Amino acid sequence: MSRIKHAVDAPFSTAWVARVGKLILNFGVLELETYLWLVQLSEAPDRITEFSRSQFADRVKEIKTFIESRAYSDNWKNEALKGWDEALDQAKFRNRIAHSPLTFGWNNQAEEGEPDFIGIIDLKRRDANQNPLASKGEMDRVINSIVSLATQLANLRAEWCSIRDAKSESATSERSER
């Protein structure tokens, strides 16, 4: 343990800084989607302050309750529930990265050039089968999947809103014709 050192602005950490930043910023889009889904599906924009006091997982739980009760089709419901389950998995990864250090080292005493290993180590690893060191490849995969998931969830939300609005317009037209 005496060989553990702390490095500030190590030249080989730049790519990691960019990845962590992208991960956090991209996940912020999923955070935003929780608020948009809650406001739209609850049809109660005045509850935004209440929603903002909840943790991500709690907001997702409430979204899933709305999905169950307000789905317009089984296919839409299944896609939406699956998407939000995936978002919960992405949140676990985001938390793992946000609360863990970048770790690197060399296999020899020289400590020259690029490190022999580098990654973000999960200090609270709960799954013994999980590699404790997040790699660049894993980070890139998750960053890209967050973007894809956020787009999918936004499209599902827009689809639900379009159907809700069309039903509302239809009901309004029927009332005015009477």
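**Reading a predicted protein fold**

Reader: How do I read "partly exposed"?

Author: Relative accessible area under 20% means buried, over 50% means exposed, and anything in between is partly exposed; the calculation uses a 1.4 Å probe and protein chains only. Glu43 also has a positive phi of about 55°, although it is not a glycine.

Reader: What kind of model am I looking at?

Author: It is a predicted model, in which local features need pLDDT of at least 70 and side-chain atom pairs count only at pLDDT 80 or more, while totals for chains, interfaces and linings use all residues. Residues are numbered from 1 along each chain as its sequence is written, and side-chain values use heavy atoms, leaving out hydrogens and water.

Reader: Thanks! How many helices and strands does the protein chain have?

Author: First, the idea: helices (H or I, at least four residues) and strands (E, at least two) are DSSP runs, numbered from the N terminus. Here the protein chain has five helices and three strands. Read from the N terminus on, the order is α-α-α-α-β-β-β-α. Glu43, from our opening, sits in the loop between H1 and helix H2 (48-52).

Reader: At what angle do H3 and H4 pack?

Author: An axis is a line fitted to C-alpha atoms, for helices over the stretch in contact, and angles between N-to-C directions run from 0 to 180 degrees. Under 35 degrees counts as roughly parallel, over 145 as roughly antiparallel, 65 to 115 as roughly perpendicular, and the rest as oblique. Helix H3 (residues 56-70) packs against helix H4 (residues 74-98) at about 175°, and their axes are 10 Å apart. H3 and H4 are therefore roughly antiparallel to each other.

Reader: Which residues make the contact between them?

Author: Contact means heavy atoms within 4.5 Å. On the H3 side, the residues include Phe56, Val60 and Ile67; on the H4 side, Trp76, Leu81 and Trp84 are among them. For classes, Ala, Val, Leu, Ile, Met, Phe, Trp, Tyr, Cys and Pro count as nonpolar, Asp, Glu, Lys and Arg as charged, and the others, Gly among them, as polar. The contact of H3 with H4 has 12 nonpolar, no polar and four charged residues.

Reader: Which residues have the most contacts inside the largest nonpolar core?

Author: A nonpolar core is a set of buried Ala, Val, Leu, Ile, Met, Phe, Trp, Tyr and Cys residues joined through side-chain atoms within 4.5 Å. The largest one here has 34 residues, and those with the most contacts inside it are Leu23, Leu30, Trp37, Phe56, Ile67, Trp76 and Trp84. Helix H1 (14-42), H3, H4 and helix H5 (136-177) each give two or more residues to this core. H5 gives the most, with 10 residues.

Reader: Could you walk me through Leu30?

Author: Gladly! Leu30 belongs to helix H1 and counts as buried, at 0% relative accessibility. Leaving aside neighbours within four places in sequence, the residues in contact with Leu30 include Phe56, Trp84 and Leu153. Leu30 and Ala154 are 124 residues apart in sequence, yet 9.2 Å apart in space, C-alpha to C-alpha.

Reader: Now the strands. What is the order of the sheet?

Author: Strands of a sheet pair through backbone hydrogen bonds, either parallel or antiparallel. Two strands pair if DSSP finds at least two bridges between them. This open sheet of three strands has the order E1-E2-E3, with antiparallel pairing. Strand E1 (residues 102-105) and strand E2 (residues 117-121) pair over four bridges, with Gly119 in E2 as the bridge partner of Thr103. E2 and strand E3 (residues 133-134) pair over two bridges, and Ile121 stands opposite Leu133 in E3. E1 and E3 are the edge strands, each pairing on one side only.

Reader: And where is Gly113?

Author: Gly113 lies in the loop between E1 and E2 and is exposed, with a relative accessible area of 58%. Its C-alpha atom is 9.9 Å from that of Pro11, though the two residues are 102 apart along the chain.
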